[in-house]
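Subject: Model handover and what turned up in it

Hello,

Here is the structure I promised to pass on to you. Please open it in your viewer and keep it beside this message while you read.

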Amino acid sequence: MAWLFLANLGLWLAVYAPIQVLLPRQAELLDAGAKEAVFGLVTGVGAVVALLANPLVGLASDRTTSRFGRRHPWTLAGALVGAVGLVVLASAGSVAAGSVAVVALGWCLVQAGLNGMLASLTSAVPDRVPVRQRARVGGLVGVSQMLGTVLGAVVVTVLVTGLGAGYLACAAVVLVGALVFVLVTPDARLPVAHRPPLRPRELWVSPRAHPDFAWAWGTHFMINLGNAFGTLYLLYFLDDVVRHPSPEDGLLVLMLLYGVALAASAWWFGAHSDRTGRRRPYVLAAAGVMVVAALLLVAWPTWVAALVAAPLLGLGFGGYWAVALALLTQVLPAASDRAKDLGVLNIANSLPQVVAPLLATALLGALGGYRGLFAASAAATLCAAAFVTRVRSVA
């Protein structure tokens, strides 16, 4: 579990350092007058690639009979493809023509590789962790995501200051994390005779046949959509609304507050959920805290409010992630298709990255700016709370 934690840490650092800092900065350099549109285009196209990569790699790993195991080859391959994409992004600043296209290409490679890596790493939880321990392990995965966010911001704003150097540092971190995990942990080989058949409509999971899977997917999607509305344009919010003298430093402060709260709540929620064997009440509590954080910024979009909202959001999102991984792995339809089905569930992570930039642009114009965007974040999170109450097979 320690090596899984470190591999996830490298993955999330390589995802969030670009999303939070490097890509917004690069979009502004490419076109300061349309930075939101450029950023939304690049992240949206990349998220479409992520939608496909995660379940497809999961499908492939469920059927991989390599002597090196069925998950590890995909973990390492995903890290390599993601690193290549980060190198492409590092070179985009020096490309005179077509820079937006080069940035989009690089981010698509990052999303393809790292979402493939995510599919194989996530499957390690139902592969190896008993149900009674999954919320605590989910808490560790949530903490790795938080630390990746915070450490990514530190790496690319304090330790490494250039765009190109920042991308290269992310590439090095994700490669080291994946390589160590693959080299020091076992991965069972799937006998050829036990390989599941490839059936028509393999990526489709019927909501009618598996309603709990469908409601859990909807819960995960709406939570991530609400989180995307609340965080995707945070750097621009600090710059354009709060008028922070140093938006990047302000973002780092908020991420640190967010991270400490997330780590604490992930540990507490995970331990208590495993002790009681219950999942849904903890998801509801986490969603409620996230709603309060969003509404605080609706009512009071200031730096002081952001300092309060950031740890509240961390408390809610950390608590949700600790319990969500346990809940999601308990509604999987079939053990033989774990990675594929988790890949379908992980679409609920990636799809908001497609939808949120498109909706956010409209919401910023139609609902009075960032107040409307944060209100939409609260509404999406409330929908998630309603959806989880429909999951019947998990307490």
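Below are some notes on the chain as a whole, followed by a few places in it.

First, the ground rules. This is a predicted model, in which local features need pLDDT of at least 70 and side-chain atom pairs count only at pLDDT 80 or more, while totals for chains, interfaces and linings use all residues. Residues are numbered from 1 along each chain as its sequence is written, and side-chain values use heavy atoms, with hydrogens and water left out.

The whole chain

The chain has 14 helices and 0 strands, and read along the sequence the pattern is α-α-α-α-α-α-α-α-α-α-α-α-α-α. Helices here are DSSP runs of H or I with at least four residues, strands are runs of E with at least two, and both are numbered from the N terminus.

For 395 residues, a compact globule would have a radius of gyration near 21 Å, and the chain agrees with that at 20 Å. That radius is taken over C-alpha atoms, and the globule rule is 2.2 Å times the number of residues to the power 0.38. Along the principal axes, the C-alpha atoms fill a box of roughly 60 × 45 × 35 Å.

Of the 395 residues, 58% count as buried. Buried means under 20% relative accessible area, exposed means over 50%, and partly exposed lies in between (1.4 Å probe, protein chains only). The chain exposes about 15100 Å², and carbon and sulfur atoms supply 70% of that area; accessible areas come from the Shrake-Rupley method with a 1.4 Å probe, and for residues only the protein chains shown count as cover.

Among contacts (heavy atoms within 4.5 Å) with a separation of 6 or more, 84% come from residues 24 or more positions apart. There are 25 positive and 15 negative side chains, and the centres of the two sets lie 13 Å apart. Lys and Arg count as positive and Asp and Glu as negative, without His and the chain ends; each charge is placed at NZ of Lys, CZ of Arg, CG of Asp or CD of Glu.

Aromatic pairs

A pair of aromatic rings is described by the distance of the centres and the angle of the planes. The structure holds 13 such pairs. Rings of Phe, Tyr and Trp (its six-membered ring) pair if their centres lie within 6.5 Å; planes under 30 degrees apart count as stacked, over 60 as edge-to-face and the rest as tilted.

One of the pairs is Phe39 with Tyr233: the ring centres are 6.0 Å apart and the planes stand at 75°, so the pair is edge-to-face. This pair links distant parts of the chain, with Phe39 in helix 2 (residues 35-62) and Tyr233 in the loop between helix 8 (211-231) and helix 9 (234-240), 194 residues apart. Both Phe39 and Tyr233 are buried. Another edge-to-face pair is Trp268 with Phe269, with centres 5.4 Å apart and planes at 70°. Trp268 is partly exposed at 39% relative accessibility, whereas Phe269 is buried at 11%. Ring pairs also link Phe39, Tyr233 and Tyr236 into a cluster.

Single residues

Pro24 sits in helix 1 (residues 2-30) and is buried at 3% relative accessibility. Beyond four places in sequence, Pro24 touches Pro18, Ile19, Phe39, Leu235 and Tyr236.

Met222, in helix 8, is buried at 13% relative accessibility. Leaving out residues up to four places away, Met222 touches Ala380, Thr381, Cys383, Ala384 and Phe387. Ser377 belongs to helix 14 (residues 370-388) and is buried, with a relative accessible area of 7%. Setting aside neighbours within four places, Ser377 is in contact with Gly226, Phe229, Gly230 and Ala294.

Asp240 lies in helix 9 and is partly exposed at 28% relative accessibility. Not counting residues up to four places away, Asp240 touches Lys35 and Glu36.

Finally, a backbone point. Most residues other than glycine have a negative phi. Arg243 has a positive phi of about 60° although it is not a glycine. Arg243 is in the loop between helix 9 and helix 10 (247-276), and is exposed with a relative accessible area of 62%.
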